Amino acid sequence: MSPKPTGPSLEDLRRYAIARSLFKPTTLPAAIKRLGFVQADPIRAPARAQDLTLRLRVKDYRAGELEQRYARLGVEEDCFVNYGFVPHEHLALLHPRVARRSWDAKTQAQAQAVQAFVRGRGATHPREVQAQFQLGQTRNAWGGSSNAITHLLDAMHYRGLLRVKRREQGQRIYEAVQHAPDETSSPQQKAEALVRLVLQKYAPLPARSLGQLCSMSRYGAPQLQAEVKRVQAQAKHLFAHTQAAGHTWFWPDDEDPCSRRWRLDEELRLLAPFDPIVWDRLRFELFWGWAYRFEAYTPAPKRKLGYYALPMLWRGEVLGWANASVVAGELQLQCGYLSGSAPSDPAFEAALQSEIERLRLFLGVDLA
């Protein structure tokens, strides 16, 4: 008789990953709090990534609702492992942020002058700053030139001198801010809380993926990177873990991947490319045995799945993908399947049609 497994199997971990992330749809503030961070992306195909992520977790959510309600939600547009939306309660882990590259005296003086101007005006559009300060052009990260004021405002936002108060037609409207330091927690405690937040969002994680996210956290908290590295090195002493499929896996120590609470349902879901279930490409391949790739920046002739393919999840399997678009006010969907064709189970067609209807309502469009 073979020995009984001592920890969760890969199947247990897969079920746990899906069920814990696709919790029962709730209110928008509750969903953001539970996720801990919502990654943002400007591409709209058929909607922005943050909206596609939230529509599966917020009851009756509509595209654009996050931006519309942003000022009243107690969240910040800010940097974590990527750019996105962070509940106010986590800002103390990220600020005061110490950028890895310091400013020279000239840039420091310009930033102080701009902050004083914004503080005096209140909510300020970048064009108002541009009208007051003529700084010309500067070289951007891609080697081209961009407006120096836009570059400075981005850098000031990153350093915590400005915050996004709201958006108007997608444009950031800024106000001055000063993040007070958290004197009650040590840098080591903050780093551990930061890594726990990563696990809360993306668990269960293979060790390699946890390491990648710890490294990426230098974007949101560069001042804590030495401490984050120490937390990562101590992961087996701090977090629940097991061995499965040749990898060490980590998850929050107050959860049990084998619990019966982690149940799958019959709904079919089209997931955003940056959805927590999809984000970790290593985990995706371990769970489903094929490589999902985000191809928006891949030349069209080289794409295999499509410009903005949405992985298709049903009954615990990602069995294909769909590319959705809105043409002349109508939703159009093109599906692809790993097997070459859709499942013959009548329940699949019913589940797909239900998801198409939910997507239509979310976008506020008609069916083609």
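**Close-up 1. L361 in the predicted model is partly exposed.** Its relative accessibility is 37%. L361 belongs to helix α13, which spans residues 346-363. Y61 is shown with L361. In sequence, 300 residues separate L361 and Y61. In space, their C-alpha atoms are 8.9 Å apart.

**Close-up 2. Helices α8 and α10 cross at roughly 60 degrees.** Helix α8 covers residues 187-202, and helix α10 covers residues 225-233. Their axes come within 8 Å. The crossing of α8 and α10 is right-handed. From α8, the contact is made by P187, Q188, A191, E192, L194 and V195. From α10, E227, V228, R230 and V231 take part. Of the residues in this contact, six are nonpolar, one is polar and three are charged.

**Close-up 3. A328 is an exposed loop residue.** A328 sits in the loop between β13 (317-327) and β14 (330-337). The relative accessibility of A328 is 79%. Exposed means over 50%, so A328 counts as exposed. R167 is shown with A328. Along the chain, A328 and R167 are 161 residues apart. Their C-alpha atoms are separated by 26 Å.

Technical notes:
Residues numbered from 1 in each chain as written. Predicted model: local features only at pLDDT ≥ 70, side-chain atom pairs only at ≥ 80, totals over all residues. Heavy atoms only, no water. Helix = DSSP H or I, 4+ residues; strand = E, 2+ residues; numbered from the N terminus. Buried < 20%, exposed > 50% of the residue type's maximum accessible area, 1.4 Å probe, protein only. Axes fitted to C-alpha atoms, helices over the stretch in contact; angles between N-to-C directions. Left-handed = near helix turned anticlockwise from the far one by under 90°. Contact = heavy atoms within 4.5 Å. Nonpolar A, V, L, I, M, F, W, Y, C, P; charged D, E, K, R; others polar.
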